[in-house]
Amino acid sequence: MGEKEEEIQEIHDLPEFSWEERSLHLLETSKLDKDFAKIKRPRKGGKKHRVRCMSRPMAIPEVIVELQDPFGRESALRCLSAFLLEKRLEDLENYYRTGHLLLHSCCTMAILLQELVSFFRMIVTQIPTIRASKRLANVLTLYQCIAANKETRLEFINTCVPNLLQSLILFETPLEVFENVRAVALSVIGILCQAGDPIIIQWAVSSDMLEICCTCIAMGNELTKAVGMHILEAIMQDESGLWYVCSPESDHLLQKIMTTLEHLGKVLAVDEDPSPRLLFHIIRCHFLLCYDMRGHRIVTQKLPKQISNGYFLDIVEDFPLIKDLLEELLLVVDRVYDYLPENLDDVLYHHSNVQGEKETRSHHTNAV
């Protein structure tokens, strides 16, 4: 078998990356989320795949050129996507170089836009297939690469492609895999916002990304919720972004954020296996709002009782980082005494039941 045939075969054998690797893990502030996820769902072992077909000096430009061939485009997208996901941390120079090549090479952005429009056409006329959804995810991985490069992210915004992703993010379909595609699309916005560039934050605010994130947190799966909350936090960490959220003119937005966080807290409270990372982000969003005087007043008045009355005692005790952040929030809003609730017996009873269920599941697993 010749060298070219071996490369083609390897493209077909490329591994499937998890949806978290395609979205949440690309956010610089997601290390805590990874730690929470590892504790909740230990990752299965396995040898990491090496994309050998991309090791030649001119391999990246060659594969980008192959995007112009309609018949080989799907393989080229998958090969580029796999390379970027694998090399993102160990070969940052080539990762950023690829983003520059994608944005400035002839017709490439038009081709990627064509892929996006083709998917839009599909979701209007029929339910998107799993294959089409994964193909779009590969396109979004290329957009992530462009968004991550400080030399291309502002130009990327000027193309209006990130604005086009809003319709994709808000689209509803019964196809389960699309929910993960939504998270990948949302992560493109997250990568843009995490840089903290005031121009990008202003773009996100003026493009209604805060409202879109609230919608995604309310309707999405855990991965989508986590990415959406990362974007909320990135915007509120910027002085102008926090001022916009807490200004009287944006009272409807602040109320929507508070309502969204309260609803999510209620959902976690009745969940048999609540997500520690979502609880962490709920607390952190409230804490960031307290940096503004008006935001502090609203949080003091409307902090969800599930957060302040020790209802998540079992999770808080298991994760010292969550415990420290929660205690700091309660001190800031002068609710630290509420942490020992009037219904302490009920809370402790709930805590003991949770611990009992964990022990039962553990004994059952060991017996198996």
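Student: Where does Asp-208 lie?
Tutor: Asp-208 sits in the loop between helix H12 (198-206) and helix H13 (209-219). Helices (H or I, at least four residues) and strands (E, at least two) are DSSP runs, numbered from the N terminus.

Student: What is this model, and what are the ground rules?
Tutor: This is a predicted model: local features need pLDDT of at least 70, side-chain atom pairs count only at pLDDT 80 or more, and totals for chains, interfaces and linings use all residues. Residues are numbered from 1 along each chain as its sequence is written, and side-chain values use heavy atoms, with hydrogens and water left out.

Student: Back to Asp-208. Phi positive or negative?
Tutor: Positive, near 65°, and Asp-208 is a residue other than glycine. Most residues other than glycine have a negative phi.

Student: Now H6. At what angle does it pack on H8?
Tutor: About 105°, for H6 (residues 92-104) and H8 (residues 130-148), with their axes 8 Å apart. That makes H6 roughly perpendicular to H8. Axes are lines fitted to C-alpha atoms, for helices over the stretch in contact, and angles run from 0 to 180 degrees between N-to-C directions. Under 35 degrees counts as roughly parallel, over 145 as roughly antiparallel, 65 to 115 as roughly perpendicular, and the rest as oblique.

Student: Which residues make the contact?
Tutor: H6 brings Tyr-95, Tyr-96, Thr-98, Gly-99, Leu-102 and Leu-103; H8 brings Leu-142, Gln-144, Cys-145, Ile-146 and Ala-148. Contact means heavy atoms within 4.5 Å.

Student: What does Leu-103 touch?
Tutor: Met-109, Ile-146, Thr-152, Glu-155 and Thr-159, not counting residues up to four places away in sequence. Leu-103 is buried, at 11% relative accessibility. From Leu-103 to Cys-145 is 42 residues in sequence and 9.8 Å in space, C-alpha to C-alpha.

Student: Next, Leu-186. Which helix?
Tutor: H11 (residues 176-194) holds Leu-186. Leu-186 is buried, at a relative accessible area of 0%. Leaving aside neighbours within four places in sequence, Leu-186 contacts Ile-169, Met-209, Cys-216, Thr-224, Val-227, Gly-228 and Ile-231.

Student: Whole chain, then. How many helices and strands?
Tutor: The chain has 22 helices and zero strands. Buried residues make up 52% of its 368 residues. Of contacts between residues at least 6 apart in sequence, 76% join residues at least 24 apart.

Student: What is the average pLDDT?
Tutor: The chain averages 81, and 76% of the residues score at least 70. Over residues 1-15 the pLDDT is below 50, and that stretch has 24 contacts in the model beyond near neighbours in sequence. Residues 41-52 are also below 50, with 22 such contacts. pLDDT is the predictor's confidence in each residue, from 0 to 100. Where pLDDT is low, the predicted coordinates should not be read in detail.

How values were computed
Buried < 20%, exposed > 50% of the residue type's maximum accessible area, 1.4 Å probe, protein only.
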